[in-house]
Amino acid sequence: MLGGRWRRVASQVGRSVTVWAVSTVTMLVLAGILPDFRLRSADGDSATDIAVTAAFGAGAFGLLSALVWPLMVRLLLLVPALVLGLLVFFLNGALLLLALRLNPNPGEHGAAAPETAVVVAAVMSAVASATGAALAVRDDDAYRRRLYRLSDRRRRSLPPGPASPGTVFLQFDGVGHDVLLDAVGKNLMPTVARWLGGPGQHASHRLTPWRTDWSSQTGASQLGILHGSSYDVPAFRWYEKDTREVMVCNRPTSAAELQRRAVARTGDGGLLGADGASRGNLFSGGADEQALVLSIATRRRSRETRSRAGYFAYFSDPANAVRTALSFVAEVGREIGQSTRARLRKQRPRVSRGGLYPFVRAFATVVERDVVVAAVMGDMLAGRTSVYADLVAYDEVAHHSGPMSRDAEKVLQRLDRALALIEKVAEHAPRPYRIVVLSDHGQSPGETFRARYGLTLGDLVRAGCGLPVPRRARRTHSGAEARAAVRAALRIRVDRGDEEYRPARRSEPIVLASGNLGLVSFPDVSHRMTKEEIDARHPALLTTLANHPGIGFLLVRSETHGGVVLGAYGAEIPVADLDHRPGPLAPFGPGAADAVRRTHAFPHTADIMVNSFHDPADGEVLAFEEQIGSHGGLGGAQGRPFLLSPLVFSDPADDGAELAGAEQVHHVLRRWLTEACGPQAPVDEAEPDRRAA
């Protein structure tokens with residue numbers, strides 16, 4: 001308690017010193033601009049004397065304002081409002097003249113004409129007020145107190161909320177189960193540590209790992225979690241031969257189509273269909289209230305399709321705008337400093353972090369976080385039944401700095417503070433709330449395929465096909481979810497963009513990357529090619545890929561076995577035999593065979609599915625994109641996200657059972673909504689096995 005009080009005192013002192021410094025600079029600037037305002041004696045002073053005079057004058061003016069104004073307000077209570085408004089300016093000017101005369105050295109005090117003093121005092125008061133407000137809004141305690149005042153006003157204007165608890169689902173994008181535990185062990189996330197029951201504390205939540213599908217990325221996982229189906233989402237990006245289109249999960253048109261397919265398959269609108277809100281997600285979840293949702297970003301704006309409404313609502317408040325703008329600038333500077341330090345220290349692995357990346361990172365870690373957190377708190381104060389929100393900050397930073405880097409750890413600390421803020425706001429909500437924190441996937445570390453071998457997966461495929469390989473390998477595009485948030489915020493239409501994936505001739509293969517998962521498709525063949533057809537057309541291709549040290553295994557269709565997994569040294573295992581003959585899947589651990597079989601059954605699985613090498617000893621993979629923390633395929637921590645749930649909810653899985661796949665997570669969350677509020681959301685009597693599809 002005492003430590004917290006001293007921290008608050010230190011924070012107040014720091015803000016006061018900053019306001020004083022800004023006021024001093026303002027006075028110096030005004031002295032240089034206004035002819036009737038000077039800070040030097042008639043004989044002239046040194047620059048140091050002028051600065052001291054300005055500093056003393058600014059401090060005296062601030063102190064007099066703090067001491068005299070309360071007394072003056074009491075004396076002027078009977079003055080008419082219009083007269084008082086005019087007197088404010090003249091009294092401020094008088095206080096400034098008095099402050100300038102209080103300099104202990106009579107020969108060095110400043111001087112100003114009375115009318116100039118009024119102008120200078122007005123400008124200095126405005127600057128000081130703006131600076132103080134800016135510093136205050138960056139303080140979480142001040143921000144929380146402000147929200148409390150707003151919530152109290154809203155509560156008085158609204159009818160009492162329901163007695164049944166609401167549920168908030170917060171998705172920490174890309175935070176793996178082991179990363180969360182490590183952060184708790186390092187005291188980086190005290191809120192999560194308290195929930196899990198630290199020393200001398202009673203646990204309120206349980207932590208459960210779950211396993212993703214082969215496509216360990218937000219598009220597949222969030223679609224499964226929110227809409228109950230991740231069927232036919234083989235990767236983050238893939239080529240569909242029937243439509244001749246490249247689907248990309250963070251492209252608005254693709255997200256809308258994937259959501260439509262999921263709703264058609266399940267016959268249900270989504271997890272949030274009953275009085276729900278979707279914030280910052282790729283998909284709506286069937287929510288009535290949607291903001292910052294990518295799948296609706298391509299529609300014409302209306303009450304039902306407000307993809308950017310959250311940004312307008314947030315930045316319409318000047319305090320929010322100042323708070324976020326200052327943090328945005330600080331984050332850009334922080335990223336430039338961190339990337340420069342990594343480059344000077346020659347850290348490895350390392351990827352390029354120049355260009356617009358500092359601004360993309362700042363958008364993900366500051367703007368998107370602040371807007372989404374504010375929207376969630378607004379939903380809680382409005383008493384909504386269910387809220388699902390995605391915070392992409394960690395995922396974006398971990399892609400470029402590494403999942404266990406200091407940069408990523410700083411983001412985890414800020415996410416924990418956001419969680420604490422939401423927890424505090426829940427105390428002022430019109431109904432009780434249960435907070436569930438989960439992730440959609442983890443991230444696996446490792447250098448890029450291109451950095452280790454000097455060529456991209458596309459170059460290797462072209463070599464195996466006997467096609468010319470470019471001298472300079474072209475960089476692949478990152479699939480970070482932050483770019484989706486930017487698109488939703490700016491309402492950028494990305495209806496087309498296949499040119500970057502299309503080969504020069506239709507007979508050439510299309511090679512796409514999704515983390516450490518690669519997809520090879522031959523667009524001139526209308527069906528999914530078999531191993532036999534590929535061998536007849538390009539005899540060296542499959543052998544070249546399977547025997548490359550950076551490749552873990554391949555999946556291809558087979559005329560003989562239906563589907564086969566290929567590995568080095570001629571390994572060829574039918575998918576039906578993978579349980580007792582894992583072959584090249586052995587390093588990828590339990591569940592790999594099920595994930596491969598499920599993907600093999602998708603209609604839009606690529607002709608060749610390529611998974612990178614994986615080292616079980618250190619958890620490293622080789623990303624086919626320019627990322628040193630990646631996800632999208634099999635191998636390491638990327639396939640082991642977490643579910644942090646209140647103990648009042650039933651266990652997410654039976655004792656000893658593994659929670660496998662996003663579709664199972666969907667049914668667990670539906671069950672919890674039913675436990676909290678009754679059967680307000682459709683829920684199956686028996687949670688079906690995800691592989692039944």
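A polar contact is a pair of N or O atoms within 3.5 Å; within protein, one atom must be able to donate a hydrogen and the other to accept it, and residues adjacent in sequence count only if both atoms are side-chain atoms.

**Entry 1: Thr365**

Thr365 lies in helix α12, residues 357–381. My note on naming: helices (H or I, at least four residues) and strands (E, at least two) are DSSP runs, numbered from the N terminus. An α-helix has 3.6 residues a turn, so residues three or four places apart point the same way.

Is Thr365 buried or exposed? Thr365 counts as buried, at 2% relative accessibility. For this I used these cut-offs: buried is under 20% relative accessible area, exposed is over 50%, and partly exposed is in between (1.4 Å probe, protein chains only). Next I listed contacts, meaning heavy atoms within 4.5 Å. Leaving aside neighbours within four places in sequence, Thr365 is in contact with Glu331, Ala393, Val397 and Val411.

**Entry 2: what kind of model this is**

I have a predicted model here, where local features need pLDDT of at least 70 and side-chain atom pairs count only at pLDDT 80 or more, while totals for chains, interfaces and linings use all residues. Residues are numbered from 1 along each chain as its sequence is written, and side-chain values use heavy atoms, with hydrogens and water left out.

I looked up pLDDT, the predictor's confidence in each residue, from 0 to 100. The chain has a mean pLDDT of 81, and 74% of its residues reach 70 or more. Residues 79–85 have pLDDT below 50, and beyond near neighbours in sequence this stretch has three contacts in the model. Residues 681–693 are also below 50, and there I found 25 contacts beyond near neighbours in sequence. Where pLDDT is low, the predicted coordinates should not be read in detail.

**Entry 3: the six-stranded sheet**

I traced an open sheet of six strands in the order β12-β13-β17-β14-β15-β16, with antiparallel pairing. Two strands pair if DSSP finds at least two bridges between them. Which strands are at the edges? They are β12 (510–514) and β16 (572–574), and each pairs on one side only. Neighbouring strands of this sheet are turned by 20° against each other on average, direction ignored. For such angles, axes are lines fitted to C-alpha atoms (for helices over the stretch in contact), and the angles run from 0 to 180 degrees between N-to-C directions.

Then I checked what packs on the sheet. Helix α16 (residues 457–464) does, touching β12, β13, β14 (551–558) and β17 (608–612), and its direction makes about 150° with that of β12. Helix α20 (residues 592–600) packs on the sheet too, touching β14, β15 (562–566) and β17, with its direction at about 40° to that of β14.

**Entry 4: β12 and its partner**

I zoomed in on β12 and β13 (residues 517–521), which run antiparallel and are joined by five bridges. Leu512 has Leu519 as its bridge partner in β13, and Ile510 stands opposite Ser521. Their hairpin has two residues between the strands, and Gly515 takes a positive phi near 65° there. Although β12 is an edge strand, four of its five residues are buried, so β12 is largely enclosed by the rest of the structure.

**Entry 5: Met609**

I picked Met609 in strand β17, which counts as buried at 0% relative accessibility.

I went to Asp213, in the loop between β4 (205–211) and α8. Asp213 counts as buried, at 9% relative accessibility. Which side chains does the Asp213 side chain make polar contacts with? I found Ser230 at 3.4 Å and Arg598, also listed at 3.4 Å.

Asp232 has a positive phi of about 65° although it is not a glycine. I placed Asp232 in the loop between α8 (218–227) and β5 (237–240), and Asp232 is buried, with a relative accessible area of 8%. Arg244 is not a glycine either, and has a positive phi of about 55°. Arg244 is partly exposed, with a relative accessible area of 46%.
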